[in-house]
Amino acid sequence: GEYIRTNPKDEFSDGISYTEGGNGYRYEWIPKNEIWLDLCEATMELPFTLIHELHERKLMSGGMAYDEAHEATNLVESEARRNPDKIEQMLNDELEANMLTEKRKRKSDKPTLYKTFRPIVRSYDDSTGIVDMLIPMTTPDEDRSEESIAATAWKKTFPAFKKRPILVTSHDYSKLQNQIGEFVELKLTENGIEAKPQYYIGQNNEEADWGYNLAKRGMAAYSVGFRELDSEYQESDGKRIKVYTECELMEISHVVVPCNPEAAQNMRGKADTTTKKVIDDVLTLIQKPEETDKPEEKKPISQDELADDMDYVLCQIRKVGLNDKNKQIAINLADEITRLTGCDKPVTIPSESEGVKALKSIIDAIDKKLGVN
């Protein structure tokens, strides 16, 4: 202590105020994870000083200013001096409190990590905007960064995430329009998260409408933001990979790919592997819509099918005849068709084909008119 106080302008700035002890949040030249005790002090005073520094350090590490923390700590020190028989227990309590504070601080200091997953779509509802899907957030096999997430990694923190299950676009909270939906159902399984996001479709939110359009097609990428709580290294196929064994799930965002081709291409250059594959699919959709978007192409009726159908109609006419209205229809047809033969060329026609259905409807109408059973 004497050396520190006599060298305040050297390596110990503000060292002149150092008496009895100090901690890393009070003096910048003391490491954050250390407490220093002044050996000039009487030995019997050291336990009280240690209690003081531990309590003060705990308060200051949580953001409390020195003056306020020091005043509050004086009360704790006074309590210890009045009850010397409780010093050992108070020291243990302060040590545990400091370790817990440090653990929480290390947790909050950890950066948010992101991984992108492509869901497996099971069903969707255009009336509600709900998509039933599986987001395979557990990756038992290592990804390209030689990292893996254990199936049980989300278990402890998942209930907390379910309390705020909003769905935003690309981790962007800067605008209200960026909240494009919410998760109406979430269930953690060994294969990932069974999720039902509900997109805010039809509410003048273009991001939500486009996001739903991609999600229901399986062209969505979901970026998962999480903090590492615990991990270990394991051997896999001769490689040493990092396995996240416990994670805190912070958010799940839909990485919305723009519907503008140029913007999508620009985004592709900065995207991860999973998102790039999604962008490729979206670009195909934009430039050449999927077959499912086109009207169903029906196979044209062959001439043999037409001949067979006409023969069937002629047979019915021979049985029951034609009323005046249908005679006029026949005359009009005769004017358009130069030669209407009764030649039958039998072919196998599906009983439920569109042509057969239409003819049956016409014949039923004629029979009803003529009173024929």
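This is a predicted model: local features need pLDDT of at least 70, side-chain atom pairs count only at pLDDT 80 or more; totals for chains, interfaces and linings use all residues.

Visitor: What makes the two helices count as being in contact, and which residues of helix 2 and helix 3 make the contact?

Guide: Contact needs heavy atoms within 4.5 Å. On the helix 2 side the contact is made by residues including Phe48, Ile51 and Leu59, and on the helix 3 side by residues including Tyr66, Ala69 and Val76. By class, that contact has nine nonpolar, five polar and three charged residues. As for the axes, they come within 8 Å and cross at roughly 145°.

Visitor: Why is serine 253 called buried?

Guide: Buried means under 20% relative accessible area. Serine 253 has 0% relative accessibility, so it counts as buried. You'll find serine 253 in strand 11.

Visitor: How do you know that a side-chain polar atom of serine 253 makes a polar contact with the backbone nitrogen of histidine 171?

Guide: The cut-off for the N or O pair is 3.5 Å. Here the distance is 3.1 Å, from the backbone nitrogen of histidine 171 to a polar atom of the serine 253 side chain, so the pair falls within that cut-off.

Visitor: What makes a group of residues a nonpolar core?

Guide: They must be buried residues of the nonpolar kinds, joined through side-chain atoms within 4.5 Å. The largest such core has 47 residues, and Leu249 is among those with the most contacts inside it. Strand 11 gives the most to this core, with six residues. A second, separate core has eight residues, including Leu54 and Ala80.

Notes
Residues are numbered from 1 along each chain as its sequence is written. Side-chain values use heavy atoms; hydrogens and water are left out. Buried means under 20% relative accessible area, exposed over 50%, partly exposed in between (1.4 Å probe, protein chains only). Helices (H or I, at least four residues) and strands (E, at least two) are DSSP runs, numbered from the N terminus. A polar contact is a pair of N or O atoms within 3.5 Å; within protein, one must be able to donate a hydrogen and the other to accept it, and residues adjacent in sequence count only if both atoms are side-chain atoms. Axes are lines fitted to C-alpha atoms, for helices over the stretch in contact, and angles run from 0 to 180 degrees between N-to-C directions. Ala, Val, Leu, Ile, Met, Phe, Trp, Tyr, Cys and Pro count as nonpolar, Asp, Glu, Lys and Arg as charged, and the others, Gly among them, as polar.
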